[in-house]
Amino acid sequence: VHDKYLVNMKKALNLWVEDMKRKHVPIDDKMLQQKALRLHEDFSKGSPETSDTKPFTASKGWLVTQIQE
């Protein structure tokens, strides 16, 4: 279930990044991490399954792996 939230968050994050690029809005690492956290929270809000899963942190390591994908 947690993976479902990550997949949805990554898709929405990619759309957001593309939108920011079209608008010529610069994005830094901190903005990207904050947006990822908000999106993940929105997708998992109200779901009882999230209490069993490891919390998503959008750490620097996570960010680096996303950029490399």
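This is a predicted model: local features need pLDDT of at least 70, side-chain atom pairs count only at pLDDT 80 or more; totals for chains, interfaces and linings use all residues.
The chain has 69 residues, and its secondary structure consists of 3 helices and 0 strands. Read from the N terminus, the order of elements is α-α-α. Helix 1 covers residues 2-22, helix 2 covers residues 29-44, and helix 3 covers 60-68. Of the residues in the chain, 32% are buried. The accessible surface amounts to about 5,000 Å², and carbon and sulfur atoms account for 56% of that area. When contacts between residues at least 6 apart in sequence are considered, 66% of them join residues at least 24 apart.

With 16 residues at 1.5 Å a residue, helix 2 should span 22 Å. The buried residues of helix 2 are Leu 32, Gln 33, Lys 35, Ala 36, Leu 39, His 40 and Ser 44. Because these residues cover an arc of only 165° around the axis, they are placed on the same side of helix 2. At the N-terminal end, helix 2 is capped by Asp 28. The cap consists of a side-chain oxygen of Asp 28 positioned 3.3 Å from the backbone nitrogen of Lys 30.

The model contains 4 salt bridges, counted with a cut-off of 4 Å between a side-chain nitrogen of Lys or Arg and a carboxyl oxygen of Asp or Glu. One of them joins the side chains of Glu 18 and Lys 21, with an N to O distance of 3.9 Å. Glu 18 and Lys 21 are 3 residues apart in helix 1, so about one helical turn separates them. Glu 18 is partly exposed, at a relative accessible area of 39%, whereas Lys 21 is exposed, at 52%.

Arg 22 is exposed, with a value of 58%. The pair belongs to a network of salt bridges that links Asp 19, Arg 22 and Lys 23.

A further salt bridge is found between Asp 42 and Lys 45, whose closest N and O atoms are 3.8 Å apart. Asp 42 is partly exposed, with a relative accessible area of 48%. Lys 45 lies in the loop between helix 2 and helix 3. With a relative accessibility of 55%, against a cut-off of over 50%, Lys 45 counts as exposed. Lys 45 was also compared in position with Tyr 5, from which it is 40 residues away along the chain. The C-alpha atoms of Lys 45 and Tyr 5 are separated by 9.9 Å.

Notes: Residues are numbered from 1 along each chain as its sequence is written. Side-chain values use heavy atoms; hydrogens and water are left out. Helices (H or I, at least four residues) and strands (E, at least two) are DSSP runs, numbered from the N terminus. The expected span of a helix is 1.5 Å times one less than its number of residues. Buried means under 20% relative accessible area, exposed over 50%, partly exposed in between (1.4 Å probe, protein chains only). The arc is that of the directions from the helix axis to the C-beta atoms. A polar contact is a pair of N or O atoms within 3.5 Å; within protein, one must be able to donate a hydrogen and the other to accept it, and residues adjacent in sequence count only if both atoms are side-chain atoms. Contact means heavy atoms within 4.5 Å. Accessible areas come from the Shrake-Rupley method with a 1.4 Å probe; for residues, only the protein chains shown count as cover.
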